[in-house]
Amino acid sequence: MVGRVHERRWQVITGDLSLLVIFVLAAFLGYEVISKVPSILHTPLMSGSNAIHGVILVGAMLIADEANGALQVGLALAAVILATLNIVGGVVVTDRMLEMFKGRDRTPASDGKKPADDDA
Amino acid sequence: MIAATLPNNALVACYLVSTVCFIVALKALSSPRRARWGNLIGIGGMVVAVGITAVDSHAGPHGIIPIGMTVGLVIAVPTARLVRMTAMPQLVAVFNGVGGAAAALVSILTFLRVQLGHPSSLHLLEILLGLAIGATSFAGSMVAFAKLQEVMTGRPITYPCQHLVNAALGLGIIGVGVWVIADPHLAGMVIVAVLSLSLGAGICLPVGGADTPVLISLLNSLTGLAVAADGFALNNLVLVVAGTLVGTSGALLTKMMSDAMGRSLPNIILGGLPEAGSTKELSGGSRTVRSADAADIGTLLAYSRRVMIVPGYGLAVAQAQHTVVELAKLLEGRGVEVAYAIHPVAGRMPGHMNVLLAEADVPYEALDELDDANTKFPAADVSLVVGANDVVNPAARSDPASPLYGMPILDVDRSANVVFLKRSMRPGFSGVDNALLYDPKTVLLFGDAKDSLTKLVAAVRAA
């Protein structure tokens, strides 16, 4: 059913247990890595992390490679297309949102006071 | 077809590089200075992960891998580039949804591949989790898209026994899942998929339009978890790490967003906003509003000393950001102090309004966030509210019975005069009435935000 060569690729890190350890560590890391996000960045951050889960494309590619029969080939093609949409769409949308920040090196939260004086 | 399979170590090394890129990307995306760079690092991580997988695998039967990637690219780039900035929130929902769908399909394909090989119960559980979570996220995202795109009503959709129906669907998924684990068969997988799609839609229907951004963030986090489950099913490092990172950081982001809106997450998911009818004295029949013509308001603005502009979604849909800037410049030319007060959720998502105004070349320094703005309102002669409503509703401060109670608002009611540019008397996105509209110091100018602003520009010129 499945050749040894193919099987090997799936076992990048062998065993569910080591993956479980990695999962738990990654879960904590995900929680710690974003902290005190200013509200103007909530949407770009959501969109950026949305692009990152597009990495499911890797899974779609691995599984598509072994598809056989019309049903599997059709589903695999759909999976590859959808995953690519996720990555590319997510990245481009995020970049469009963040384009607006370019050339502005001030951090928005800290200097609300100063510009107010400029107006006066 | 192409290269021979790589040594395992090279593959692990590349996956490690790519996961580190994702971590750095998330970190950088939470700081305004490095956000754009962070997105680039994320792209780098993606290129490494996908690239090494491409080198290590073949093109698939009939070349479906390169074909699928090309098709995806050709659809995604123009869509993401050309859609108007105002439609960004629903676009994020769509791109999240397709990720969930891809995760569900990968689960089904993994199942088909291992079905006859006596898979372990644990392996089947991983596959089922990927399918159920992915399908739920897909259906939910599509409902969120439909609400934001106004294909369907943005109001909460409720029906009797809603929570019971959802609970039944959830139990159904678990029941059929156990059946599939005991006796792996495709029909069971399909039933799980259908039940999960229904559950996703069922969870999202009662969520009010104004809460939809929080919902999308939650679904984003769910898709991450679906990807992680597929990572377990495929024994793949990069899927597990990237999916989990998005899952937990997304959960935290969801909480931050609901906090910014002064809403609790269970309240958003379970409750929806109470029906507008439950806020008493909503249609207090005799209350009247004062509307004025553009000339009067233009004069008021032209002879003020301090004007606060409060832009909202109405400004965004009317594409009036350039006109409002024109008005502001004109006033500044007359020596009027002008500042923009930006509510954290002005527009439809946090940060949405900042992006729109930046597009119209409003300098960053002219945008006041909530706290700064609220210190300025008492000294302002006029607050000009352009297409915003819920974010200036004083009931959020004063009326514990209001569904908006507790949401941080812009205190425009503390300025000397309030001018609302509104399309109609329709309440805001939340469906809650705003008493400030009936306040004696409030005047209204009805019409499309862009038309009204253009009239005001002319009126200020004439004043």
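Reader: Before we start, what counts as a helix or a strand here?
Author: Both are DSSP runs numbered from the N terminus: a helix is H or I over at least four residues, and a strand is E over at least two. Please note that the model is predicted.

Reader: Where does Gln149(B) lie, then?
Author: Gln149(B) is in the loop that connects α5 (121-148) to α6 (162-182) of chain B.

Reader: Is Gln149(B) buried, exposed or partly exposed, and why?
Author: Gln149(B) is partly exposed, because it has 15 C-beta neighbours inside 10 Å. A residue needs 20 or more to be buried and 12 or fewer to be exposed.

Reader: How far apart are Gln149(B) and Val48(B)?
Author: From C-alpha to C-alpha they are 35 Å apart in space, and 101 residues separate them in sequence.

Reader: Turning to the whole chain, how many helices and strands has chain B?
Author: Chain B contains 17 helices and six strands. Its C-alpha atoms fill a box of roughly 80 × 50 × 35 Å along the principal axes. Of its 463 residues, 57% are buried.

Reader: In what order do the six strands stand in the sheet?
Author: The order in chain B is β3-β2-β1-β4-β5-β6, in an open sheet with parallel pairing. β3 (367-369) and β6 (442-446) of chain B are the edge strands; each has a single partner, so one side of each lacks a neighbour in the sheet. From one strand to the next, the twist averages 25°.

Reader: How many bridges link β4 and β5 of chain B?
Author: Five bridges join strand β4 (residues 382-386) to strand β5 (residues 417-422) of chain B, in the parallel sense. Within this pair, Val385(B) stands opposite Phe420(B) in β5(B).

Reader: And which strands does helix α14 of chain B touch?
Author: Helix α14 (residues 352-359) packs on the sheet and touches β1 (306-311), β2 (337-342) and β3 of chain B. The direction of α14 makes about 140° with that of β2(B).

Reader: New topic: into which domains is chain B divided?
Author: Domain 1 spans 83-271 and domain 2 spans 294-462 of chain B. Their C-alpha centres lie 37 Å apart.

Reader: How many residues of the two domains are in contact?
Author: In chain B, 15 residues of domain 1 are in contact with 18 residues of domain 2. The side of domain 1 that touches domain 2 has eight nonpolar, five polar and two charged residues.

Reader: Finally, what share of the contacts in chain B with a separation of 6 or more is between residues 24 or more positions apart?
Author: Such residues account for 78% of those contacts in chain B.

Note on methods. Residues numbered from 1 in each chain as written. Chains lettered and ligands numbered in written order. Predicted model: local features only at pLDDT ≥ 70, side-chain atom pairs only at ≥ 80, totals over all residues. Pairing = 2+ DSSP bridges. Axes fitted to C-alpha atoms, helices over the stretch in contact; angles between N-to-C directions. Contact = placed C-beta atoms within 7 Å. Domains from an automatic or database assignment. Nonpolar A, V, L, I, M, F, W, Y, C, P; charged D, E, K, R; others polar.
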